[in-house]
Each structure stands twice: as C-alpha cells, then as structure tokens.
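Me: I am new to this structure. Please show me how to read its features, one at a time.

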Amino acid sequence: MEAEYGEESGLPLFVWDPSGRSGTRHAKLLETSMVNDYLTDHGTNQARLKQLHELLRDGKGGSEIPLAATGGLLPRLRELRDLFAKKAQTIARHLPADHPVMMPFGFLGDLSIAQLHETTHTKMLAWLLDPSKPHGFGTALLRALMNEAGANLPEVTDVQVHTEYRLPRGLGRVDIYATGSTTGPTPETWGLWIEAKSKQTTQEGIKQLERYERHRSHWRDETAGRDYGIFLTPDGRHTRSTDNHEQWPTLSYIRLAKVLWREAESHRGALGFEWLRLYLSGIIKEYAGVHWESLDTLPYFQILELETSL
C-alpha cells in the first residue's frame, strides 16, 4: 500500500491499495486526512493572506514583498504573468492589423468616455445605430445589438432612432429609443429601449426602469409589436430599479465593443469605419484597461477571448 503526504500536515492525501482490500478503515483514513489537510492549509493560507494584506496596507517591505510572507507567491505570480504575456503575444499576431486594440489612443485621446456627459455619449452611440446617418453601416450595427438582446432579426426597415426620448404619461426619458418593422410577407413592429450608464458609480433612479416597463406594456398593447431592452453599464451589472431582469438584459461596454466590432469587420469600406475603430478603442482602453504596450495584463484576454480560438 502506498500513500502520498501533504507538505504542511504530514498526513496522507490519499491511500492506494493494489489488492483492493483497503476497506472502510482506509476510507475513513482518507476522509480524516483530507479534512485535516484542508484545515491545516486553510489556517496557513489565512495567516499568509493576513500578513500580505498588512504589508500592502502599511506599505512595508519596499517594492518587493518578502517571500517568507507569501510562501512563494511572488514567483508563482511571475510565472503566470509570463504565461499570459506569451499567450497575449500569440493572439496579437493573429489579429487583423486594424483591430481597435492595436490603436495607440481612442476617439477622445486622453479623455475618457466616463468624463463625457452621459447624454453626449448616448448621442454618439445612437448615431452609429441610426441607418439614416452617413456612416455607411446601414442597419448592420443596430441589428447586431438587437440580436444581442435576443431579437434575432434578419433585416429591418422604417427605422427611427431617438435619444433622450421623453416617454408619454410622465414616465421619464429613456436614453435611446429605436423603432421600426421587420421585412417579409408579414412585417412586425419592434421597439428597442436602451438605458446606458457610462460611470461605475452612476445608478439609475428609484424604480426608473419599472416606469419604463409600464410604458413598454402600453406600447405592446397599442402596436402589437415586439419590444426589447438593454441595460448598458461599465461592468454589465443587473439593474437595481427593477427585479424584471428578463426585460432588461445586461450589457457591458466590453461586450458592446465585441458585438459592434464583429459586425464592423465585414464593413471595412463603410465611411464611418475609422470613426467606429476610434470609438471602440476608447471603450477597450477605458473599460478593459487594455493597452497595446501592456500585453501581459489579464484584461487583454477580456476583450480578445471571443476573437480567436487560440
């Protein structure tokens, strides 16, 4: 019979009996060993984390935290960082040269989207979604975003896009409201409502989206149409002003960038292509913390994980 022992506890991690006659005694030993090993490691790790926290909080130890305090944590972190760097560089070599992450700056230069008045940003996004504007994307970006919300529309027509749309019955104003109809032998009316927050700290008003839901209910009764909602935030969090999350699927800015770029890749000849690249580059740099000169960062994979199967 052979056994392996834990580094900290000295107790068996598992027991192997080639004869198969280990029985309940060895099973009990296995259970006890695992529990003891877990408790020992847990206590040790808790003490290490507490000491590491105190060192970081108090700024002690200079720039290099003593390895004795971390139990070899720093070398392991360096190994992981190097692995991420190699993976990031491999992915980068397979990206198209015009991918937004390759750009040294975004649409606003050193300014961030969160520094804009939120109305200004929603007007920028609405301009890209409006097929009547001269960006050359037609309805492609709008449909891509609607399909992300579960619409699955092959083509749309009679599109109208509004910003800061004042709802009837005194129910407030929604950031972006778009309406139109589907094409085909039996066209249907559809409506899209987008509530966007560009700052981490900005919250929607009390019961704000509940009021919007009442409007959407009236809209469905009056038009017999299909309605879709999107709650756009930096981190893709759920709305806090309603429990009806099905009516307001969440969308992070990073996910927005992925959706729009995936569609834009097949419209490189569009007049607004470079404008969109700059806009998406700003989103990536601000909300994912991804910079071309910092390939060894985990956020780099946040924006690229769906771009490639490497």
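Me: Where is threonine 122 found?

Reply: Threonine 122 is found in helix α4. Helices (H or I, at least four residues) and strands (E, at least two) are DSSP runs, numbered from the N terminus. This is a predicted model: local features need pLDDT of at least 70, side-chain atom pairs count only at pLDDT 80 or more, and totals for chains, interfaces and linings use all residues. Residues are numbered from 1 along each chain as its sequence is written, and side-chain values use heavy atoms, with hydrogens and water left out.

Me: Is threonine 122 buried or exposed?

Reply: Buried means under 20% relative accessible area, exposed over 50%, and partly exposed in between (1.4 Å probe, protein chains only). Threonine 122 has a relative accessible area of 1%, so it is buried. Across the protein, 42% of the 310 residues count as buried.

Me: Which residues is threonine 122 in contact with?

Reply: Contact means heavy atoms within 4.5 Å. Leave aside the neighbours within four places in sequence, and threonine 122 is in contact with Thr163, Glu164, Asp175, Ile176 and Ala196.

Me: How many helices and strands does the protein have?

Reply: There are 9 helices and 7 strands. Of the contacts with a separation of 6 or more, 58% are between residues 24 or more positions apart.

Me: What is a nonpolar core?

Reply: It is a set of buried Ala, Val, Leu, Ile, Met, Phe, Trp, Tyr and Cys residues joined through side-chain atoms within 4.5 Å. In soluble globular proteins, nonpolar side chains tend to be buried together. Here the largest nonpolar core has 47 residues. Trp190, Leu192, Leu256, Leu276, Tyr279 and Ile283 touch the most other members. Elements giving two or more residues to this core include α4 (118-129), β5 (189-196), α7 (253-264) and α8 (273-288). The most comes from α8, with 8 residues.

Me: What does leucine 256 touch?

Reply: Not counting residues up to four places away in sequence, leucine 256 touches Leu125, Leu145, Leu232, Leu251, Tyr279 and Ile283.

Me: How do the axes of α7 and α8 cross?

Reply: Axes are lines fitted to C-alpha atoms, for helices over the stretch in contact, and angles run from 0 to 180 degrees between N-to-C directions. The axes of α7 and α8 come within 9 Å and cross at roughly 155°. Angles under 35 degrees count as roughly parallel, over 145 as roughly antiparallel, 65 to 115 as roughly perpendicular and the rest as oblique. The two helices α7 and α8 are therefore roughly antiparallel. Residues that meet across this pair include Leu256 and Trp261 in α7, and Tyr279 and Ile283 in α8.

Me: How many salt bridges does the structure hold?

Reply: A salt bridge is a side-chain nitrogen of Lys or Arg within 4 Å of a carboxyl oxygen of Asp or Glu. The structure holds 11. In one of them, arginine 169 pairs with glutamate 222, and the closest N and O atoms are 2.7 Å apart.

Me: Why does that pair tie together separate parts?

Reply: Arginine 169 lies in the loop between β3 and β4, and glutamate 222 in helix α6 (residues 208-223), so the pair ties together parts 53 residues apart in sequence. Arginine 169 is partly exposed, at 45% relative accessible area. Glutamate 222 counts as exposed, at 59%.

Me: Are lysine 197 and glutamate 195 buried or exposed?

Reply: Both are buried. Their side chains meet in a salt bridge (3.2 Å, N to O).
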